[in-house]
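Please read it alongside the model.

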Amino acid sequence: MTAIGKYWRIALGVAVIAALIIVPMNFNRYGLYILSQWTVMTIAAMGLNLTLGYAGQVSLAQGAFVGIGAYAAAIMTTQGMPLIAALGVAIVLCFAIGWILGYPALRVQHHYLAFVTLAFSTLAFLVFRNEDWLTKGIYGISNIPRPNVLGFATNRPLPFYYFCLGSLGIVSLAMWWLIRSPWGRAFVALRENPVRALSLGIDTRRYTLMAFAIGSALGGVAGTLYAPLTQYIDPVPFNLSLSLDLLMMVIVGGSGFFFGPFLGAMIAVLLPEWLRFTQGYYLMLYAVAVMLLLIYSPTGILGILDRYLTERRTKAASALRAVAKSRLETAP
Amino acid sequence: MRSGIFAGLLLATVSAATAFAQGAPIKLADVAELSGGGATVGNNWKNGIDLAIEEINAKGGVLGRKLEVTHADSQSNPGVARAQVQKALDNEPYVLLGPGYSGSVKVTSPLAAEAGITQIMGGEAAELTQGGNKFLFRTSFGQQSSMPKVAKYINDELKAKSVAIVWVNNDFGKGGRDVITKEFAKYNIKVAADLSTEAGQADFAADVSKIKAAAPDAVFVYLNEEESARILKELKRQAVAAPLVGETTLVGQKVVELAGDAANGARGHVGLTTDAPVDLVKAFREKFVKKYNYVPDHNGLKGYLAIYMVKATTEKMGKVDAKKFADTLHGLTIKAASEPGILMDVTFDEKGDIDRQGFLVEIVEGKQVVKQVLPKLN
């Protein structure tokens with residue numbers, strides 16, 4: 001990458017962040033709610049992107065982890081405990097369960113693994129629904145408080161949006177660091193060729209479990225934001241369809257690309273809202289749009305960009321080669 | 001002269017503005033389950049609303065102003081319902097209509113209350129109106145009103161000492177189950193079997209075997225319509241002789257159509273049904289079938305009634321005043337004689353719950369027969 005290209009990227013990043021901070025100041029409550037939902041879903045999708053995009057393990061349980069996080073937050077904060085404590089519990093719990101759920105991944109792959117995680121997703125839903133003593137069952141938990149952050153109340157929509165955006169920022173930085181660390185490279189090696197990864201001395205067993213556990217923990221983090229966002233949770237939002245939605249976000253955005261979940265969540269959360277003006281047709285149009293996108297580019301939106309950049313680079317390299325060749329031929 | 005022209009212009013502007021204010025449509029916002037698990041609920045509700053608005057507008061509207069409604073889809077998901085209600089409230093509607101799922105009502109009612117907008121909804125869970133929300137109103141009996149009537153009937157008329165309960169495990173089924181279990185305790189009626197089932201369940205063989213093994217004096221069935229039909233068939237197949245009692249869903253027309261002979265003998269309390277032996281309800285049913293080509297369930301009625309609640313309350317106030325709306329509706333009695341759209345006389349109490357006639361019906365040879373009319377309490 002050229003130095004100029006790098007500056008352009010930094011400038012673009014700063015502009016996007018500034019826009020995310022400044023533009024919503026004029027939004028109404030509905031707009032802020034949808035944007036907050038986008039940040040929460042992006043965090044959950046980032047977790048799945050680590051498991052699926054970087055480590056190559058298909059998981060249909062991410063929605064269940066969001067549910068675990070949400071219930072941890074709802075149960076603890078309605079009992080007067082701070083959200084940060086719930087966050088800790090959610091991370092530890094989801095990490096541990098994700099680690100255990102990773103074991104089948106050591107033996108089975110692809111759709112077999114999808115079935116195993118699907119079973120877990122159903123199990124979690126049944127627990128949310130039937131263990132009344134803990135989760136209040138089908139009645140759900142209401143009046144979930146929004147947290148105070150550094151002495152500032154986040155009850156109003158705008159402060160809560162900034163709280164969600166800040167959380168997304170922290171998670172993004174951590175993820176950025178992780179995938180550039182030797183761990184991240186090990187995850188990619190695992191996805192590309194597990195046998196070669198093993199021959200290079202990567203403990204594939206440990207890294208598979210780790211990818212599952214960290215990805216799941218991020219689902220839990222998203223859940224601890226989801227509960228105070230809606231201020232009421234019941235088991236319905238955390239059924240299998242959320243896991244499928246998250247899977248779609250990762251694939252549509254571009255699985256294995258850092259910014260894939262951001263775009264994927266944008267499409268899954270915002271596109272149906274933009275299409276609502278078509279009344280009864282909006283879900284159909286949304287489905288058609290997603291199908292067309294995936295037919296055109298099975299690697300998602302960032303796949304299109306990636307293809308374009310690769311083509312441009314190839315063309316530039318060919319041009320350079322042609323010039324070099326002609327020089328060689330004309331050389332005395 | 002000049003000042004005269006000026007005054008004339010001013011007068012013209014003011015009167016034009018007033019005329020515009022009078023003629024501007026009254027904006028209502030509906031958020032309902034138009035897709036997802038509750039699509040039947042939401043679409044019936046929506047069609048009921050549209051039918052009522054069409055009727056009212058055809059007759060010149062409310063206080064000379066037309067009604068106008070926007071429908072938004074909650075996808076049967078409380079999180080989405082919250083977003084849509086927020087969007088609706090941002091547009092400052094006169095009244096908020098919906099949702100139909102109790103969970104979605106629970107997540108949205110604080111928002112409407114905070115905005116000071118009245119919410120007329122279809123949820124039946126008992127607890128919705130127990131929290132002191134002054135802006136929330138029902139369109140039908142809550143379970144806390146209907147279940148005591150059913151329990152009383154089981155005790156007084158059937159003289160049952162033990163009852164098996166079959167319920168669908170969602171907020172509707174569980175809510176009803178919890179209320180009736182408490183009522184049974186008051187009469188010292190034993191719960192012989194307590195069976196939770198899934199929405200959409202196809203096979204009730206195991207559940208019915210358990211009921212048979214428990215040998216209760218009566219069976220209380222609280223499932224959705226299609227599942228009610230399936231369990232009725234299975235109960236007949238396994239020759240369960242105990243009386244079958246339910247509420248609204250067990251004895252509806254759809255169940256009779258689906259279950260055929262197996263529905264005979266089923267009885268239940270019916271608060272709101274198009275099968276009610278009331279002329280105005282029958283007329284509503286005809287109008288609905290003519291427009292939409294299917295028989296509505298009770299949610300169609302709820303949507304229709306919600307609009308007539310808006311009409312009657314506004315006419316009582318004599319002006320369109322969103323702030324005073326809830327205050328006026330509390331304690332209001334709307335008589336079917338003066339407002340036929342309300343179908344039956346109804347009174348709204350301080351909590352937003354309703355008091356209205358109810359019916360005890362039994363299916364005899366594939367037809368609903370009203371055994372008792374349970375009068376309005378006040």
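1. B:F284, B:F288, B:Y292, B:Y294, B:Y304 and B:Y308 form a single aromatic cluster. The pairing rule takes the rings of Phe, Tyr and Trp (for Trp, the six-membered ring) and requires centres within 6.5 Å; planes under 30 degrees apart are stacked, those over 60 are edge-to-face and the rest are tilted.

2. The model is a predicted one, in which local features need pLDDT of at least 70 and side-chain atom pairs count only at pLDDT 80 or more, while totals for chains, interfaces and linings use all residues. Residues are numbered from 1 along each chain as its sequence is written, chains are lettered from A and ligands numbered from 1 in the order in which they are written, and side-chain values use heavy atoms, with hydrogens and water left out.

3. Over all chains, the rule gives 24 aromatic pairs. One of them joins A:F95 and A:W99, which counts as stacked because the ring centres are 6.3 Å apart and the planes stand at 25°. Both residues belong to helix 4 of chain A (residues 83-107), four residues apart, or about one turn of the helix. Helices here are DSSP runs of H or I with at least four residues, and strands are runs of E with at least two, numbered from the N terminus. A:F95 is partly exposed at 30% relative accessible area, and A:W99 is partly exposed at 25%. Buried means under 20%, exposed over 50% and partly exposed in between, using a 1.4 Å probe and protein chains only.

4. A:Y226 and A:F238 make an edge-to-face pair, since their ring centres are 5.5 Å apart and their planes at 75°. A:Y226 lies in helix 10 (residues 204-230) of chain A and A:F238 in the loop between helix 10 and helix 11 (240-253), so the pair ties together parts twelve residues apart in sequence. A:Y226 is buried, at 5% relative accessible area; A:F238 is also buried, at 0%.

5. Chain B has an open, antiparallel sheet of three strands in the order 11-12-13. Strand 11 (333-334) and strand 13 (354-356) are at the edges with a single partner strand each, so one side of each has no neighbour in the sheet. Pairing requires at least two DSSP bridges between strands; strand 11 and strand 12 (residues 346-348) pair over two bridges, with B:I334 opposite B:V346.
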